[in-house]
Each structure stands twice: as C-alpha cells, then as structure tokens.
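Student: I'm new to this one. Could you show me how to read it, a feature at a time?

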Amino acid sequence: MTDDLPFIGQREAWHEWLSAIGSDRMHHAWLLAGQRGLGKRAFARTAAEELVRLPGQPRPDFASHPDIHILEALPANDDEAKKKAEGKPWQAKRSISVDQVREMIRRLATKPTLGDRRAIVIDPADELEKSAVNALLKALEEPPVGTFFLLITHQPGRLLPTVRSRCRVLRFAALDEAELDAVIRRDMPESDTMARQAAIKAAQGSPGMALSFVEHDLGGIHDLMLRILHEGDRDYHLRGALAEEMGARPTRGRQLAALELARTVLVGELASASRAGQLALIEAHGTLMRISAQAPTYNFDAGLLIMEIGGLLASAAMPREAARP
C-alpha cells in the first residue's frame with residue numbers, strides 16, 4: 001500500500017483509511033462526510049481501488065474493475081429532454097431508486113471476481129429513496145463477507161440515524177490556501193495569479209469551488225457580490241453591473257458557479273456581522289440553498305436568476321446599512 005494520492009489534501013482521512021484496510025478489524029461501511037467540493041468522490045474512487053488492489057499489483061482502474069460498483073442518483077423524470085427542447089421549465093428529481101439497490105444486492109450474492117474484496121460506492125447517499133434506504137439497511141446490517149460500502153454525503157443529517165450508526169465516519173476538512181493554490185496550478189496551469197487568488201479567497205477551503213470559480217472567471221462577480229453586501233444597492237446599480245458581468249447568455253455551469261459563489265460569500269461574512277446582520281445573512285443563505293437544490297434540474301431564466309441573487313445579497317446588507325450613522 002502507498003499514500004501516493006491523485007488528489008491534494010485529506011491526508012488524515014487517507015491515512016485512517018489505509019490503516020483500517022491493513023488491519024483485521026476493517027469496518028464494513030464508511031460515511032465520507034464534508035461540504036461540497038472537498039474531493040470526497042475522488043477519495044472514494046481511490047479508496048475503492050486501494051481496497052480491491054491485489055498484493056504486489058498496481059492500483060486498478062475504478063471504471064473497469066469488476067469488484068467496484070457505484071450507485072449514482074439518476075433522473076426520475078423521463079420527459080426532461082422533451083420539456084427542455086420545447087423551452088419549458090423542467091424539474092427532474094434525481095435519486096437512487098430501490099431497483100438500483102436491489103440490483104446491487106443481487107450482485108452481492110456472488111463472490112468477488114478477482115480477489116476477496118469488493119467495494120460499493122453510493123454517491124450521494126442522501127439521495128437514496130426511502131424504500132431504497134430500507135433495502136440498503138439489510139445489506140449494512142448483514143454485509144456479505146468481503147463487501148465494503150463507501151457512502152458519500154455533504155448532508156449527513158439527511159441520512160437516517162440507522163444508516164449513520166452503521167457507518168464509520170471519515171470527515172473531510174477544508175484545504176488551506178497553499179493546498180488550494182496547488183490544486184488550481186495542477187488542474188489549470190494556465191490560470192493567472194489574480195484569478196487564483198480571487199478563487200482561493202472565495203472558495204473557503206473547497207478545491208471543487210476554487211476550480212469552478214477560476215473556470216467560469218468569477219473574480220469580477222465576486223467583487224460585485226461583496227460590494228452589494230457591504231454597501232447595499234438601493235438604486236439597483238450594482239445589481240445591473242452584476243447582470244452585465246454575468247453576460248447575456250451565461251452557460252449553465254457559470255450560473256451554477258455563481259449560485260455557489262453567492263452562498264460562500266454570505267457564509268464568509270457571518271463572523272464579522274452584527275446579530276441582526278447574521279440573521280439576514282442566514283435567511284438569504286437559506287433561500288439560496290433552496291434555489292441551489294432546484295438549479296441542477298430546473299430551467300431558470302439566466303437574467304432573472306442573477307437579479308434574484310443580487311436581490312438576496314442586497315437584502316442581507318440592509319441591517320448593516322440601517323446600523324450606520
């Protein structure tokens with residue numbers, strides 16, 4: 001075994017995992033918990049490869065290994081494409097169905113193909129349907145010999161206590177600025193210094209967010225969001241500038257990245273805000289959370305979306321403005 005990783009950060013979690021799979025008391029179910037963008041998915045895939053690695057052999061490929069299985073959330077609405085083509089709003093809930101879990105359990109009835117271990121990655125575990133959770137619980141309570149589960153979540157509170165209690169938790173920590181800089185330089189070597197610095201400042205330790213902010217060039221948008229929070233925007237001037245900075249036809253990815261950025265900006269202001277300001281920030285963040293939950297599967301108008309974001313930022317700035325002499 002080796003601690004050479006294809007990702008940066010999370011050394012403590014990785015060493016805990018290596019220590020566990022090298023012992024005789026390896027726990028059969030693991031919960032990988034932490035905020036979005038910390039590398040839980042990359043970790044799970046590498047951990048699964050390490051788990052099924054044969055002695056003396058290199059780490060195998062996750063995608064093609066017969067003893068690594070992944071359960072992912074799938075769209076539950078099959079007319080999504082039709083509604084999109086017609087230009088109509090669409091919302092397709094994504095979930096992991098009971099049929100997917102039952103098919104996985106059926107496969108567990110046979111022995112692993114190449115070695116004596118198999119890995120099941122569930123991503124994200126908080127998208128399991130209720131009936132799917134009930135089906136999974138039996139497998140977690142009585143796992144086949146050599147079968148290990150890796151459940152990924154950024155919302156562990158959404159999982160049933162009966163699921164959480166059967167898992168050993170690996171908590172993922174925010175990366176420091178040097179680690180974030182290393183991630184950006186590795187994955188986006190042509191990024192300029194100012195873009196990296198702006199992304200690192202906004203990402204709050206999340207490499208996934210940092211890369212997204214650089215990819216979608218959100219440095220100017222970040223500055224405008226901070227100005228709206230600090231100065232307010234009674235005349236809508238800054239909100240207009242925000243919409244102009246986003247562009248008339250922003251890509252879907254840019255819209256989602258802007259939503260994520262607005263949430264991190266609000267969270268970043270909590271520590272320095274007054275009590276009234278904190279309540280306003282939390283309320284605005286809660287609304288953004290609801291919009292973000294819908295955003296991957298809902299056809300928002302780009303212009304209205306950015307004005308909604310700007311309006312929420314402006315509403316969070318009002319208590320601060322009122323407190324000024």
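Student: How many salt bridges does a search of the whole structure find?

Tutor: A salt bridge here is a side-chain nitrogen of Lys or Arg within 4 Å of a carboxyl oxygen of Asp or Glu. By that rule, the search turns up 16. Keep in mind that this is a predicted model, where local features need pLDDT of at least 70, side-chain atom pairs count only at pLDDT 80 or more, and totals for chains, interfaces and linings use all residues. Residues are numbered from 1 along each chain as its sequence is written, and side-chain values use heavy atoms, with hydrogens and water left out.

Student: Is D123 buried or exposed?

Tutor: Buried means under 20% relative accessible area, exposed over 50%, and partly exposed in between (1.4 Å probe, protein chains only). D123, at 5%, counts as buried, while R41, at 46%, is partly exposed.

Student: What about E103 and R107, how are they placed in helix α4?

Tutor: An α-helix has 3.6 residues a turn, so residues three or four places apart point the same way. E103 and R107 are 4 residues apart in α4, about one helical turn. Their closest N and O atoms are 3.5 Å apart, which makes a salt bridge.

Student: Which residues of α4 are buried?

Tutor: They are V98, Q100, V101 and M104. Looking down the axis of α4, these fall within an arc of 160 degrees (taken from the directions from the helix axis to the C-beta atoms), so they line one face of the helix. D99, R102 and R106 are exposed on the other side.

Student: And what order do the strands of the open sheet come in?

Tutor: Strands of a sheet pair through backbone hydrogen bonds, either parallel or antiparallel. Two strands count as paired if DSSP finds at least two bridges between them. Here 5 strands make an open sheet, ordered β2-β5-β6-β1-β7, with parallel pairing. Its edge strands, β2 (68–72) and β7 (168–171), each pair on one side only. Further in, β5 (residues 118–123) and β6 (residues 147–153) pair over 5 bridges; R118 has T147 in β6 as its bridge partner.

Terms used: Helices (H or I, at least four residues) and strands (E, at least two) are DSSP runs, numbered from the N terminus.
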